[in-house]
Amino acid sequence: MPKVIFDTDPGVDDAMALLFLHRHPEIDLVGITTVFGNAAVETTTRNALFLKSAFKIDAPVVRGAGVTFDRDRPARPWPTIVHGENGLGDIDIPNDADLPIGEEDEAAQFIIDTIRQNPGEISIVAVGRMTNLANALAKAPDIAGLVRDVVIMGGSFYVPGNVTPAAEANIAGDPEAADRVMTAPWKVAVIGLDVTTKTVMTRATLKELADKGGPEVSLLNELSQSYIDFYDHLIADAMLVHDTCACVYLVRPDLFDTVTGQIRVSCDGLTDGQTVLKPSHRRFPPGAWDHFPAQTVAVDVAADRVMALVHDTL
Ligand code: BDR
Ligand code: CA
């Protein structure tokens, strides 16, 4: 059973992913590390603590990065139109004062220590900016050889991005970090918009789940309503379950079609944040992709079967 560190920026779809990881019988959730992204890190950490308590999760929440790996990179505005001002659809959540969010960025050290204490056993599922992972790699490159695998929600390869035509939000928010994560000598599976735009939860199904999944799923239903409203421009009365889709890959990779190849991330200009794959089965002249490990990229998904698993697990 994989021991999982969930690196997250809750975030509406992050909340569903967290409950999925907690409830899936073949996953041992050992830590929740937070990062800026859908909101400031103070907010995403507070949200993670709130969700930990609401979902009755034992694993620790560890506050992570509040700024990009390259500190000179200008910050992007928080996507309040997507996740609300408070990152959880603007539902009422307890006052910050009740929740000790910490003051230091301790996520990279937590990731390093947990991997070193459990060689070959830790899977990292990263569904926000890749900043904590890049910081951990920079401090302790040896963890690349000790981790079981890394599954990330991020990027888009054969479909457009979602914050620019070129870039998906988790990568666009910290391209330098993502490039380090993709090119490090560890096993990465990238679950990007190519597949997550196919995994859809309708408002009606979520409501039905809330009626039988206990107060935890009722909470998910409540905090997802404005996110579903936001997605109306793409799909009627439904939401894309980006982050949960990556969690499903961890336990059911057979539900995904994948290709392998080296991945680089564009770090400036018009294509800033674009993920570019050099597929292993194609030949190209020598270039910036060479000498890096081949990673796995999901290009298609048995979406109905993924959603059936999400349904049953929640
Ligand atoms: C990703 O960006 C965030 O808004 C979501 O939580 C997800 O991780 C999708 O592009
Ligand atoms: Ca996320």
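The following legends describe close-up views of a predicted model.

View 1. Nine strands make up an open sheet with mixed pairing. Their order across the sheet is β3-β2-β1-β4-β5-β6-β11-β9-β10. The edges are formed by β3 (61-62) and β10 (275-279), each of which pairs on one side only. Strands of a sheet pair through backbone hydrogen bonds, either parallel or antiparallel.

**View 2. Pairing of strands β1 and β2.** Strand β1 (residues 3-8) and strand β2 (residues 28-34) run parallel and are joined by six bridges. Within this pairing, Thr8 of β1 stands opposite Thr34 in β2.

**View 3. Helices α1 and α2 against the sheet.** Helix α1 (residues 12-23) lies across β1 and β2, and the angle at which α1 runs to β1 is about 170°. Helix α2 (residues 41-55) lies across three strands, β1, β2 and β3. The direction of α2 is at about 155° to β2.

**View 4. The largest nonpolar core.** This core comprises 95 residues. The residues with the most contacts inside the core are Val125, Ile152, Val181, Ile191 and Ala246. Helix α1 supplies eight residues, the largest share of the core.

**View 5. Surroundings of Ala246.** Ala246 belongs to the residues with the most contacts inside the largest nonpolar core. With neighbours within four places in sequence left aside, Ala246 is in contact with Val125, Val127, Val151, Ile152, Met153 and Ile191. Among these partners, Val125, Ile152 and Ile191 are likewise listed with the most contacts inside the core.

**View 6. Packing of helices α9 and α10.** Helix α9 (residues 203-212) packs with helix α10 (residues 214-230) at an angle of about 160°, and their axes are 8 Å apart. Angles over 145 degrees count as roughly antiparallel, so α9 is roughly antiparallel to α10. The two helices form a left-handed crossing. On the α9 side the contact involves Arg203, Leu206, Lys207, Leu209 and Ala210. These residues meet Val217, Ser218, Asn221, Ser224 and Ile228 in α10.

**View 7. Crossing of helices α4 and α5.** Helix α4 (residues 107-117) and helix α5 (residues 131-139) cross at roughly 60°, with axes that come within 8 Å. The crossing in which α4 passes α5 is right-handed. From α4, the residues Ala107, Ala108, Ile111 and Ile112 take part in the contact. Their counterparts in α5 are Asn132, Asn135, Ala136 and Lys139.

Key: Residues numbered from 1 in each chain as written. Chains lettered and ligands numbered in written order. Predicted model: local features only at pLDDT ≥ 70, side-chain atom pairs only at ≥ 80, totals over all residues. Core = buried A, V, L, I, M, F, W, Y, C linked by C-beta atoms within 7 Å. Buried ≥ 20, exposed ≤ 12 C-beta atoms within 10 Å, placed from the backbone. Helix = DSSP H or I, 4+ residues; strand = E, 2+ residues; numbered from the N terminus. Contact = placed C-beta atoms within 7 Å. Pairing = 2+ DSSP bridges. Axes fitted to C-alpha atoms, helices over the stretch in contact; angles between N-to-C directions. Parallel < 35°, antiparallel > 145°, perpendicular 65-115°, else oblique. Left-handed = near helix turned anticlockwise from the far one by under 90°.
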